[in-house]
Amino acid sequence: MTKAFVVGHPIKHSRSPLIHGHWLKQHGLAGSYERIDVAPADFPEFLKTFAARGFAGGNVTIPHKETAYLNVDRRTAKAERLKAVNTLWIEDGLVWGDNTDVVGFMSHLDRSLGKSWEQAVETALVIGAGGAARAIVAGLQDRPIGRIFVANRTLSKATELVRDLAGGGMLEVLPWEEIGGAIAKAGLIVNTTSLGMAGQPALDLELAGARSDAVVADIVYVPLKTPLLAAAEARHLRIVDGLGMLLHQAVPGFSRWFGVTPDVTPELRALIVADIEGER
Ligand code: NAP
(Lines give C-alpha, C1' and ligand atoms only; values in the text may rest on other atoms or scores of the structure.)
Protein backbone atom coordinates (compact mmCIF):
# COMPACT_ATOMS: atom_id res chain seq x y z
CA MET A 1 0.00 0.00 0.00
CA THR A 2 1.43 3.39 -1.00
CA LYS A 3 1.63 5.90 1.84
CA ALA A 4 1.94 9.69 1.57
CA PHE A 5 1.74 12.58 4.03
CA VAL A 6 1.43 16.29 4.57
CA VAL A 7 4.00 17.58 7.04
CA GLY A 8 3.84 20.92 8.83
CA HIS A 9 3.68 22.56 12.25
CA PRO A 10 0.86 22.96 13.19
CA ILE A 11 -0.88 20.65 10.74
CA LYS A 12 -4.32 19.84 12.11
CA HIS A 13 -6.13 22.38 9.89
CA SER A 14 -4.66 21.08 6.62
CA ARG A 15 -7.32 20.16 4.06
CA SER A 16 -4.87 18.09 2.00
CA PRO A 17 -5.97 14.75 3.55
CA LEU A 18 -9.53 15.48 2.44
CA ILE A 19 -8.37 16.18 -1.14
CA HIS A 20 -6.07 13.15 -1.47
CA GLY A 21 -8.51 10.91 0.44
CA HIS A 22 -11.20 11.83 -2.09
CA TRP A 23 -8.97 10.92 -5.03
CA LEU A 24 -7.83 7.63 -3.44
CA LYS A 25 -11.47 6.62 -3.01
CA GLN A 26 -12.49 7.87 -6.45
CA HIS A 27 -9.78 5.80 -8.14
CA GLY A 28 -10.23 2.76 -5.89
CA LEU A 29 -6.60 2.89 -4.73
CA ALA A 30 -5.39 1.16 -1.57
CA GLY A 31 -3.23 4.07 -0.42
CA SER A 32 -3.12 6.40 2.55
CA TYR A 33 -2.42 10.09 3.09
CA GLU A 34 -1.89 11.36 6.62
CA ARG A 35 -1.08 14.52 8.54
CA ILE A 36 2.28 14.53 10.33
CA ASP A 37 3.18 17.26 12.80
CA VAL A 38 6.94 17.80 12.89
CA ALA A 39 8.59 20.65 14.83
CA PRO A 40 11.15 22.71 12.90
CA ALA A 41 14.11 21.25 14.81
CA ASP A 42 13.11 17.71 13.79
CA PHE A 43 12.32 18.41 10.15
CA PRO A 44 15.76 17.73 8.58
CA GLU A 45 15.77 14.28 10.26
CA PHE A 46 12.21 13.64 9.04
CA LEU A 47 13.34 14.37 5.48
CA LYS A 48 16.12 11.81 5.75
CA THR A 49 13.94 9.07 7.23
CA PHE A 50 10.45 9.26 5.68
CA ALA A 51 11.34 6.77 2.93
CA ALA A 52 12.63 4.23 5.48
CA ARG A 53 9.31 4.67 7.33
CA GLY A 54 7.52 3.46 4.20
CA PHE A 55 6.33 6.75 2.68
CA ALA A 56 6.48 7.37 -1.07
CA GLY A 57 6.49 11.11 -0.45
CA GLY A 58 4.28 13.94 0.65
CA ASN A 59 3.43 17.60 0.82
CA VAL A 60 5.32 20.16 2.87
CA THR A 61 3.60 23.16 4.38
CA ILE A 62 4.28 26.05 6.77
CA PRO A 63 6.90 26.44 8.23
CA HIS A 64 9.04 23.83 6.43
CA LYS A 65 9.05 24.83 2.74
CA GLU A 66 12.41 26.63 2.82
CA THR A 67 14.10 23.96 4.98
CA ALA A 68 12.82 21.32 2.57
CA TYR A 69 14.31 23.29 -0.30
CA LEU A 70 17.70 23.42 1.46
CA ASN A 71 17.78 19.76 2.46
CA VAL A 72 16.41 17.69 -0.47
CA ASP A 73 18.87 15.77 -2.66
CA ARG A 74 17.46 17.06 -5.97
CA ARG A 75 15.12 19.91 -6.95
CA THR A 76 13.05 20.71 -10.01
CA ALA A 77 13.75 23.96 -11.86
CA LYS A 78 10.58 25.50 -10.35
CA ALA A 79 11.69 24.70 -6.79
CA GLU A 80 15.13 26.05 -7.60
CA ARG A 81 13.64 29.29 -8.86
CA LEU A 82 11.34 29.78 -5.86
CA LYS A 83 13.76 28.47 -3.20
CA ALA A 84 10.83 26.61 -1.62
CA VAL A 85 9.63 22.99 -1.84
CA ASN A 86 6.06 21.83 -1.20
CA THR A 87 6.11 18.33 -2.74
CA LEU A 88 8.53 15.46 -2.00
CA TRP A 89 9.08 12.05 -3.58
CA ILE A 90 11.77 9.40 -3.90
CA GLU A 91 13.49 8.66 -7.18
CA ASP A 92 16.48 6.27 -7.50
CA GLY A 93 16.88 6.44 -3.72
CA LEU A 94 17.11 10.24 -3.69
CA VAL A 95 14.70 12.74 -2.13
CA TRP A 96 13.32 15.08 -4.80
CA GLY A 97 11.53 18.38 -4.19
CA ASP A 98 9.18 20.36 -6.42
CA ASN A 99 7.06 23.48 -6.00
CA THR A 100 3.55 22.90 -7.32
CA ASP A 101 2.02 26.22 -6.16
CA VAL A 102 2.93 27.69 -9.55
CA VAL A 103 1.03 25.08 -11.53
CA GLY A 104 -1.76 25.22 -8.93
CA PHE A 105 -2.40 28.92 -9.43
CA MET A 106 -1.93 28.91 -13.21
CA SER A 107 -4.08 25.81 -13.85
CA HIS A 108 -6.91 27.35 -11.89
CA LEU A 109 -6.63 30.64 -13.83
CA ASP A 110 -6.59 28.75 -17.13
CA ARG A 111 -9.61 26.66 -16.15
CA SER A 112 -11.52 29.68 -14.86
CA LEU A 113 -10.74 32.16 -17.66
CA GLY A 114 -10.34 29.91 -20.70
CA LYS A 115 -7.52 29.43 -23.17
CA SER A 116 -5.26 32.38 -24.03
CA TRP A 117 -6.81 34.69 -21.42
CA GLU A 118 -3.39 36.30 -20.98
CA GLN A 119 -3.49 37.74 -24.47
CA ALA A 120 -5.86 40.41 -23.18
CA VAL A 121 -3.58 41.23 -20.21
CA GLU A 122 -0.87 43.79 -20.86
CA THR A 123 -0.29 44.61 -17.18
CA ALA A 124 -0.74 42.45 -14.06
CA LEU A 125 -0.74 43.76 -10.50
CA VAL A 126 0.36 41.33 -7.77
CA ILE A 127 -0.27 42.53 -4.23
CA GLY A 128 1.96 40.91 -1.61
CA ALA A 129 5.52 39.59 -1.66
CA GLY A 130 5.45 36.55 0.64
CA GLY A 131 6.07 32.90 -0.23
CA ALA A 132 2.87 32.49 -2.23
CA ALA A 133 3.48 35.72 -4.17
CA ARG A 134 6.72 34.24 -5.50
CA ALA A 135 4.86 31.29 -7.00
CA ILE A 136 2.23 33.55 -8.55
CA VAL A 137 4.77 35.95 -10.04
CA ALA A 138 6.85 33.04 -11.42
CA GLY A 139 3.73 31.56 -13.04
CA LEU A 140 2.72 34.87 -14.62
CA GLN A 141 6.27 35.39 -15.91
CA ASP A 142 5.87 32.29 -18.08
CA ARG A 143 3.03 33.98 -19.94
CA PRO A 144 3.28 36.80 -22.49
CA ILE A 145 2.26 39.55 -20.05
CA GLY A 146 4.05 42.84 -20.78
CA ARG A 147 4.49 44.11 -17.25
CA ILE A 148 3.98 42.70 -13.76
CA PHE A 149 3.80 45.16 -10.86
CA VAL A 150 4.61 43.80 -7.38
CA ALA A 151 3.30 45.89 -4.48
CA ASN A 152 3.89 45.02 -0.85
CA ARG A 153 3.36 46.77 2.49
CA THR A 154 7.04 46.19 3.26
CA LEU A 155 8.70 47.62 0.19
CA SER A 156 12.03 45.85 0.77
CA LYS A 157 10.35 42.43 0.42
CA ALA A 158 8.90 43.40 -2.97
CA THR A 159 12.34 44.61 -4.04
CA GLU A 160 13.85 41.30 -2.91
CA LEU A 161 11.23 39.29 -4.80
CA VAL A 162 11.77 41.27 -8.00
CA ARG A 163 15.54 40.86 -7.67
CA ASP A 164 15.29 37.10 -7.06
CA LEU A 165 12.90 36.46 -9.93
CA ALA A 166 14.48 38.86 -12.41
CA GLY A 167 15.16 37.36 -15.80
CA GLY A 168 11.62 36.21 -16.60
CA GLY A 169 8.80 38.57 -17.58
CA MET A 170 9.15 42.30 -16.89
CA LEU A 171 8.81 42.88 -13.14
CA GLU A 172 8.49 46.25 -11.42
CA VAL A 173 8.29 47.10 -7.74
CA LEU A 174 5.34 49.32 -6.91
CA PRO A 175 5.17 51.26 -3.63
CA TRP A 176 2.07 50.30 -1.59
CA GLU A 177 0.71 53.89 -1.79
CA GLU A 178 0.73 53.68 -5.61
CA ILE A 179 -1.55 50.64 -5.89
CA GLY A 180 -4.53 52.92 -6.59
CA GLY A 181 -2.84 54.40 -9.66
CA ALA A 182 -1.94 50.96 -11.07
CA ILE A 183 -5.47 49.57 -10.84
CA ALA A 184 -6.65 51.39 -13.96
CA LYS A 185 -3.85 49.79 -15.99
CA ALA A 186 -4.17 46.24 -14.72
CA GLY A 187 -5.92 43.49 -16.71
CA LEU A 188 -5.25 41.11 -13.82
CA ILE A 189 -5.16 42.01 -10.12
CA VAL A 190 -4.09 39.29 -7.65
CA ASN A 191 -4.20 39.46 -3.87
CA THR A 192 -1.50 37.22 -2.40
CA THR A 193 -1.47 38.83 1.05
CA SER A 194 -3.32 37.34 4.00
CA LEU A 195 -5.65 40.36 4.04
CA GLY A 196 -9.25 39.27 3.58
CA MET A 197 -8.70 35.97 5.39
CA ALA A 198 -11.20 35.18 8.18
CA GLY A 199 -10.10 37.17 11.23
CA GLN A 200 -7.98 39.60 9.19
CA PRO A 201 -8.89 43.04 7.87
CA ALA A 202 -10.02 43.25 4.24
CA LEU A 203 -7.77 44.30 1.38
CA ASP A 204 -9.58 47.50 0.61
CA LEU A 205 -8.90 48.42 -3.03
CA GLU A 206 -10.69 51.24 -4.83
CA LEU A 207 -11.92 49.36 -7.88
CA ALA A 208 -14.00 52.20 -9.34
CA GLY A 209 -11.25 52.98 -11.87
CA ALA A 210 -10.59 49.34 -12.84
CA ARG A 211 -10.86 48.32 -16.49
CA SER A 212 -14.21 46.74 -17.27
CA ASP A 213 -12.39 43.62 -18.61
CA ALA A 214 -10.14 43.29 -15.54
CA VAL A 215 -9.93 39.99 -13.67
CA VAL A 216 -9.59 40.07 -9.88
CA ALA A 217 -8.08 36.96 -8.25
CA ASP A 218 -7.58 36.21 -4.58
CA ILE A 219 -5.54 33.30 -3.23
CA VAL A 220 -7.18 33.52 0.19
CA TYR A 221 -9.89 30.81 0.30
CA VAL A 222 -11.32 31.17 3.82
CA PRO A 223 -13.77 32.77 3.24
CA LEU A 224 -14.28 31.60 -0.32
CA LYS A 225 -15.63 34.98 -1.34
CA THR A 226 -13.29 37.50 0.23
CA PRO A 227 -14.36 41.15 0.64
CA LEU A 228 -12.09 41.96 -2.34
CA LEU A 229 -13.83 39.39 -4.57
CA ALA A 230 -17.25 40.59 -3.38
CA ALA A 231 -16.31 44.20 -4.25
CA ALA A 232 -15.05 43.12 -7.69
CA GLU A 233 -18.20 41.13 -8.35
CA ALA A 234 -20.34 44.10 -7.38
CA ARG A 235 -18.57 46.02 -10.17
CA HIS A 236 -19.24 43.16 -12.62
CA LEU A 237 -15.57 42.26 -12.90
CA ARG A 238 -14.55 38.64 -13.46
CA ILE A 239 -13.32 36.97 -10.28
CA VAL A 240 -11.16 33.92 -9.54
CA ASP A 241 -11.18 32.53 -6.00
CA GLY A 242 -8.33 30.93 -4.05
CA LEU A 243 -9.69 27.42 -3.58
CA GLY A 244 -8.81 26.23 -7.09
CA MET A 245 -5.13 26.91 -6.44
CA LEU A 246 -5.21 24.65 -3.38
CA LEU A 247 -6.92 21.86 -5.34
CA HIS A 248 -4.74 22.09 -8.46
CA GLN A 249 -1.43 22.24 -6.54
CA ALA A 250 -2.27 18.80 -5.13
CA VAL A 251 -2.46 17.08 -8.55
CA PRO A 252 1.27 16.56 -9.35
CA GLY A 253 2.04 15.01 -5.95
CA PHE A 254 -0.85 12.52 -6.13
CA SER A 255 0.23 11.59 -9.61
CA ARG A 256 3.83 10.89 -8.50
CA TRP A 257 2.96 8.88 -5.38
CA PHE A 258 -0.07 6.94 -6.55
CA GLY A 259 0.55 6.72 -10.32
CA VAL A 260 -2.78 8.22 -11.40
CA THR A 261 -3.31 11.83 -12.49
CA PRO A 262 -6.50 12.96 -10.75
CA ASP A 263 -8.87 15.68 -11.89
CA VAL A 264 -10.17 18.71 -10.02
CA THR A 265 -13.90 18.10 -10.30
CA PRO A 266 -16.93 20.07 -9.09
CA GLU A 267 -17.52 17.17 -6.67
CA LEU A 268 -14.08 17.63 -5.05
CA ARG A 269 -14.57 21.37 -4.87
CA ALA A 270 -17.98 20.92 -3.22
CA LEU A 271 -16.42 18.62 -0.61
CA ILE A 272 -13.84 21.24 0.40
CA VAL A 273 -16.36 24.09 0.27
CA ALA A 274 -18.59 22.14 2.68
CA ASP A 275 -15.61 21.66 5.00
CA ILE A 276 -14.73 25.36 4.91
CA GLU A 277 -18.32 26.38 5.51
CA GLY A 278 -18.69 23.83 8.31
CA GLU A 279 -15.77 25.42 10.13
CA ARG A 280 -17.19 28.94 10.09
P1 NAP B 1 3.63 35.04 3.93
O2 NAP B 1 4.85 34.54 3.25
O3 NAP B 1 3.59 35.16 5.40
O4 NAP B 1 3.28 36.50 3.29
C5 NAP B 1 2.24 37.29 3.81
C6 NAP B 1 1.99 38.48 2.89
O7 NAP B 1 0.83 39.20 3.39
C8 NAP B 1 3.14 39.49 2.87
O9 NAP B 1 3.18 40.10 1.60
C10 NAP B 1 2.70 40.50 3.94
O11 NAP B 1 3.26 41.79 3.79
C12 NAP B 1 1.21 40.56 3.65
N13 NAP B 1 0.46 41.09 4.79
C14 NAP B 1 0.16 40.46 5.95
N15 NAP B 1 -0.55 41.28 6.76
C16 NAP B 1 -0.70 42.45 6.08
C17 NAP B 1 -1.34 43.69 6.39
N18 NAP B 1 -1.98 43.88 7.55
N19 NAP B 1 -1.30 44.69 5.46
C20 NAP B 1 -0.66 44.49 4.27
N21 NAP B 1 -0.04 43.34 3.93
C22 NAP B 1 -0.06 42.33 4.83
O23 NAP B 1 2.35 34.15 3.55
P24 NAP B 1 2.09 33.31 2.21
O25 NAP B 1 2.52 31.91 2.42
O26 NAP B 1 2.61 34.08 1.06
O27 NAP B 1 0.47 33.29 2.19
C28 NAP B 1 -0.28 34.46 1.97
C29 NAP B 1 -1.76 34.12 1.91
O30 NAP B 1 -2.00 33.24 0.82
C31 NAP B 1 -2.30 33.38 3.15
O32 NAP B 1 -3.59 33.88 3.42
C33 NAP B 1 -2.38 31.93 2.71
O34 NAP B 1 -3.40 31.22 3.38
C35 NAP B 1 -2.74 32.10 1.24
N36 NAP B 1 -2.28 30.96 0.41
C37 NAP B 1 -3.20 30.33 -0.36
C38 NAP B 1 -2.79 29.27 -1.16
C39 NAP B 1 -3.81 28.56 -2.00
O40 NAP B 1 -3.55 27.42 -2.40
N41 NAP B 1 -4.91 29.21 -2.33
C42 NAP B 1 -1.45 28.86 -1.18
C43 NAP B 1 -0.52 29.54 -0.38
C44 NAP B 1 -0.96 30.60 0.43
P45 NAP B 1 4.60 42.20 4.59
O46 NAP B 1 5.75 41.63 3.79
O47 NAP B 1 4.56 43.67 4.60
O48 NAP B 1 4.49 41.59 5.96
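Reader: What follows helix H1, and what is its phi?

Author: Helix H1 is followed by glycine 28, which has a positive phi, near 60°. As for the labels, helices (H or I, at least four residues) and strands (E, at least two) are DSSP runs, numbered from the N terminus. A word on the source: this is a predicted model, in which local features need pLDDT of at least 70 and side-chain atom pairs count only at pLDDT 80 or more, while totals for chains, interfaces and linings use all residues. Residues are numbered from 1 along each chain as its sequence is written, and side-chain values use heavy atoms, with hydrogens and water left out.

Reader: Which residues of helix H1 are buried?

Author: Start with the word itself: buried means under 20% relative accessible area, exposed over 50%, and partly exposed in between (1.4 Å probe, protein chains only). In H1, which spans residues 16-26, the buried residues are Ser16, Pro17, Ile19, His20, His22, Trp23 and Leu24.

Reader: What do the buried residues of H1 pack against?

Author: Packing is read from contacts, meaning heavy atoms within 4.5 Å. The buried residues of H1 pack against strands S1 (3-8), S2 (32-37) and S3 (55-60), and also against helices H10, H11 (251-258) and H12 (266-279).

Reader: Let me try one residue. Is histidine 20 buried or exposed?

Author: Histidine 20 counts as buried, because its relative accessibility is 1%. Leaving out residues up to four places away in sequence, histidine 20 touches Tyr33, Asn59, Ala250, Phe254 and Trp257.

Reader: On to helix H9. Which of its residues are buried?

Author: In H9 (residues 227-234), Leu228, Leu229 and Ala232 are buried. They lie on the same side of H9, because they cover an arc of only 95° around the axis; that arc is the one of the directions from the helix axis to the C-beta atoms. The partners of the buried H9 residues are strand S10 (188-191), strand S11 (215-218) and S12.

Reader: What does alanine 232 touch?

Author: Not counting residues up to four places away in sequence, alanine 232 touches Leu207, Val216, Leu237 and Ile239. Its relative accessible area is 0%, so alanine 232 is buried. Sequence and space can be compared here too: alanine 232 and glutamine 249 are 17 residues apart in sequence and 25 Å apart in space, C-alpha to C-alpha.

Reader: Which residue follows H9?

Author: Histidine 236 does, with a positive phi. Its phi is near 65°, and the residue is not a glycine. Histidine 236 sits in the loop between H9 and S12, and it is exposed because its relative accessible area is 71%. Aspartate 92 also has a positive phi, about 50°, although it is not a glycine. You will find aspartate 92 in the loop between strand S5 (87-91) and strand S6 (94-98); at 76% relative accessibility, aspartate 92 counts as exposed.

Reader: Let me look at the prolines. What joins isoleucine 62 and proline 63?

Author: A cis peptide bond, with omega about 5°. Proline 63 is in the loop between S3 and helix H3 (65-71). The peptide bond from valine 222 to proline 223 is cis as well, with omega near 5°, and proline 223 is in the loop between S11 and H9.

Reader: Now the ligand. How many residues surround the ligand?

Author: A residue is near a molecule if one of its heavy atoms lies within 4 Å of it. Here 21 residues surround the ligand, and the closest are Ala132, Asn152, Arg153, Thr154 and Ile219. The shell divides into 10 nonpolar, nine polar and two charged residues. Ala, Val, Leu, Ile, Met, Phe, Trp, Tyr, Cys and Pro count as nonpolar, Asp, Glu, Lys and Arg as charged, and the others, Gly among them, as polar. Helix H6 (131-141) and helix H10 (243-249) each supply at least two residues of the shell.

Reader: How far is a backbone N or O atom of glycine 242 from a nitrogen atom of the ligand?

Author: The distance is 2.9 Å. Glycine 242 lies in the loop between strand S12 (238-240) and H10, and it is buried, with a relative accessible area of 2%. Glycine 242 is in contact with Asp218, Ile219, Val220 and Tyr221, leaving aside its neighbours within four places in sequence.

Technical notes. A polar contact is a pair of N or O atoms within 3.5 Å; within protein, one must be able to donate a hydrogen and the other to accept it, and residues adjacent in sequence count only if both atoms are side-chain atoms.
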